[in-house]
Amino acid sequence: MARRVHQPLEDQEFDFILGMTDGPVLAYFCGSWPKALEPCRAMDTVVAALAQEYGSRLTAVRVDITRCPAQTKRYEVTGAPTAVLIAGGEVLATQAGPMTAEEFRTFLDARL
């Protein structure tokens with residue numbers, strides 16, 4: 001089953017997505033400032049492919065740091081891109097910096 005990457009427009013929408021999701025959530029925090037654009041766009045491509053690959057095992061959410069400042073603070077994100085794997089409201093793992101598809105698979109498979 002192909003899945004899409006959710007993109008909440010505000011903090012409350014992110015909370016809604018978390019509340020409606022039974023399984024693990026991969027939230028990857030991205031920025032829109034010049035130094036963050038290139039690595040975040042690269043992550044968009046990788047995460048979109050992984051969302052399809054993992055299907056119903058994972059919900060992917062792209063969180064814009066500027067639009068969701070409360071979530072950025074809540075998950076102690078200090079840079080972009082940063083991946084946060086969440087299950088049952090608890091953080092399972094956090095990884096700062098861009099990752100290749102293979103690095104992402106290793107990050108996810110060790111925890112799913």
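With a relative accessibility of 8%, Tyr-75 counts as buried. The model you are looking at is predicted.

- Searching the whole structure turns up 3 aromatic pairs.
- One of them joins Phe-14 and Tyr-75 edge-to-face, with 6.1 Å centre to centre and 75° between the planes.
- Phe-14 sits in helix H1 (residues 11–20) and Tyr-75 in the loop between helix H3 (69–74) and strand E4 (82–87), so this pair ties together parts that are 61 residues apart in sequence.
- Phe-14 has 0% relative accessibility and therefore counts as buried.
- Phe-29 and Tyr-75 make a tilted pair, at 6.3 Å centre to centre and 50° between the planes.
- Because Phe-29 belongs to strand E2 (residues 25–30) while Tyr-75 is in the loop between H3 and E4, that pair ties together parts that are 46 residues apart in sequence.
- Phe-29 is buried, like Tyr-75.

- In soluble globular proteins, nonpolar side chains tend to be buried together.
- The largest nonpolar core here has 21 residues, and Leu-26, Val-47, Phe-104, Phe-107 and Leu-108 touch the most other members.
- At least two residues of this core come from each of E2, helix H2 (34–54), E4 and helix H4 (101–109).
- H2 contributes the most, giving 8 residues.
- Leaving aside residues up to four places away in sequence, Val-47 touches Val-5, Leu-26, Tyr-28, Ala-60 and Phe-104.
- Another core, of 14 residues, lies apart from the largest one, and Ile-17, Phe-29, Val-61 and Val-84 are among its members.

Conventions
Residues are numbered from 1 along each chain as its sequence is written. This is a predicted model: local features need pLDDT of at least 70, side-chain atom pairs count only at pLDDT 80 or more; totals for chains, interfaces and linings use all residues. Side-chain values use heavy atoms; hydrogens and water are left out. Rings of Phe, Tyr and Trp (its six-membered ring) pair if their centres lie within 6.5 Å; planes under 30 degrees apart count as stacked, over 60 as edge-to-face and the rest as tilted. Helices (H or I, at least four residues) and strands (E, at least two) are DSSP runs, numbered from the N terminus. Buried means under 20% relative accessible area, exposed over 50%, partly exposed in between (1.4 Å probe, protein chains only). A nonpolar core is a set of buried Ala, Val, Leu, Ile, Met, Phe, Trp, Tyr and Cys residues joined through side-chain atoms within 4.5 Å. Contact means heavy atoms within 4.5 Å.
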